[in-house]
Amino acid sequence: MTTRRATSLAALGALALAAGLVAGCGPRETDRLALVGATVVDGSGGAPLRDVVIIVRAGRIDTIAPRGRVEIPKSAERIDLTGRWIIPGLIDAHAHATRWALPRYLAAGITTLRDVHGHQDSILALRNEVNLNAVVGPRLFVAGAMIDGAPATYPDAAAVGGEGEARKAVDQRAIADVDFVKTYTRITPDLLRAILDEATTLQLPVTAHLGLTDAVTAARLGVRAIEHLSGIPEAALADPAPLYAAHRQGFFAGWNASERSWARLDSAGLARVARALAERRTILVPTLVVHENLSRADAPDALAHPDIAVMPDSEIVRWNLPDLIRRAGWTAGDFAAFRAARAQQDLFVREFRAAGGTIVAGSDASNQLLPPGPSLHRELELLVNAGLTPGDALLAATRNAAELLGADSLGRVRPGAAADLVVLDADPLVDIRNTRRVERVMLRGRLLDADSIRQHW
């Protein structure tokens, strides 16, 4: 961490504890906070609740009721939110958390992160610091280091060469107290079966970025969720052998072959796979923003998008986009194929949703072209472009994501739930892009001003 980043994060932590950042904090002691007059989209999927009073106490929602039907305690600090909208705190269900990124997520209204891979000791330590309020940041649910086949794609993943090693890797993560297990592209069906058997015994859900296992097989074996729409072409094609051969060559060879294959998938095959996954209640985290952004990584202005403005210059240097394109071997023909794949990926999302499947929003930030915070909002926009309503897209980043985490106190605005909320100045059900219009963020019952967070990055 650079000195500037460390100073910025320390400043944010200090401000979050100070009266100047806690909106509406007056000189007198209060035991409750009353948010008065907003329209609430509560994460249930029902109609919005208008002119509502939400009373927050000890980090939880104590009461939610229409104004006029609730008596606000005299000891409560009132915050007038007339003309505003309140939604549950957003959940980015496919993230790679880092210290410098935490305030970026918060300013975007993201109060929970599902970290799907990181250096195990570091990410577990960060989770503990956040939980102890030593660091101001979203709640963290972590997988630790992912499990991959041998040789592992990344050096900080666990490489397993047999079923015994696969079980041992799960055991090690359980001992480290991870929240779930993540598997990667070189995991075969036999290895996945062993991982799932051990994880089930230890009550750990398993999520998968697939490569050498197709999506339907993974669902039948019992994976909780599938990331990036991986394994879909392998399940939909009559002959997936060329894709498996590409996955064996390496990550980029497999990604490129699978991504190119989408354009030739027929609607009947996609519908068949969508029904099979929905029937198994397998959750999808499509990360359409990954497919979209990487398909346009060759654009001369790829780094000029306004969303990139949240990135520190040093992180953009770390991205090294030209080097990524070189290592991946991407050509103009590849980018054209990736862009052609997008319509079929959107079609699959619609088919899966129509079959009753559960979709959860994730961004894959802070990987290349995926800035933390704005990328989740872009994912919501892409889900709507794919055919979801704004309400359904919002559920993908609230209630559905909380279901994936197994955290029923998150993702909803209701009595007893955690007081993680977002105050918007425009209606997200009219236009999903209004989720970007974050005015304030409540995290664990503390109301933070979004502009103040941005000023102290």
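What is the volume of the second largest cavity? About 50 Å³. Hi everyone, let me walk you through that space and a few others.

First, some ground rules. This is a predicted model, in which local features need pLDDT of at least 70 and side-chain atom pairs count only at pLDDT 80 or more, while totals for chains, interfaces and linings use all residues. Residues are numbered from 1 along each chain as its sequence is written, and side-chain values use heavy atoms, with hydrogens and water left out.

Let's stay with the cavities. On a 1 Å grid over the protein atoms alone, a cavity is a set of points where a 1.4 Å probe fits but cannot get out, a pocket is an open set with protein on both sides within 12 Å along at least five of seven lines, and lining residues have an atom within 4 Å of a point. Grid points are joined across faces, edges and corners, and a volume is the space filled by probe spheres set on the points. By this rule there are two cavities of 30 Å³ or more.

The lining of the second largest cavity includes Pro 88, Thr 111, Arg 412 and Asp 420. Strands β6 (90–95) and β7 (110–115) are the elements that give two or more residues to that lining. Helices here are DSSP runs of H or I with at least four residues, strands are runs of E with at least two, and both are numbered from the N terminus.

The largest cavity holds about 110 Å³. It has 16 lining residues, and His 209, Leu 210, Ser 230, Trp 255 and Ser 258 lie nearest its centre. Helix α9 (residues 251–261) gives the largest share of this lining, five residues. By class, the lining has five nonpolar, nine polar and two charged residues. For these classes, Ala, Val, Leu, Ile, Met, Phe, Trp, Tyr, Cys and Pro are nonpolar, Asp, Glu, Lys and Arg are charged, and the others, Gly among them, are polar.

Now for the largest pocket, at about 1,000 Å³. Of its 35 lining residues, His 96, His 117, Tyr 154, Arg 318 and Asn 367 are closest to the centre. Helix α9 turns up again here: along with α3 (120–131), α11 (288–295), α12 (313–319) and α13 (321–328), it supplies at least two residues of the lining. The classes come out at 16 nonpolar, 12 polar and seven charged.

Helix α9 also takes part in a ring pair. The structure holds 10 aromatic pairs, counted when rings of Phe, Tyr and Trp (its six-membered ring) have centres within 6.5 Å. In one of them, Tyr 184 and Phe 251 have ring centres 5.8 Å apart and planes at 10°, so the pair is stacked (planes under 30 degrees apart). Tyr 184 sits in the loop between β11 (181–183) and α5 (189–201), and Phe 251 is in α9, 67 residues apart.

On to helix packing. The axes of α14 (residues 332–354) and α15 (residues 374–386), lines fitted to C-alpha atoms over the stretch in contact, come within 9 Å and cross at roughly 80°. That makes the two helices roughly perpendicular (65 to 115 degrees, on a scale from 0 to 180 between N-to-C directions). Contact, meaning heavy atoms within 4.5 Å, involves Arg 342, Asp 346, Val 349 and Arg 350 of α14 with Leu 382, Leu 383 and Ala 386 of α15.

Finally, some backbone details. Cis peptide bonds join Ala 150 to Pro 151, with omega about -5°, and Ala 365 to Ser 366, with omega about 10°. Ser 366 lies in the loop between α14 and α15.

Conventions
Parallel < 35°, antiparallel > 145°, perpendicular 65-115°, else oblique. Phe/Tyr/Trp six-rings, centres within 6.5 Å; stacked < 30°, edge-to-face > 60°.
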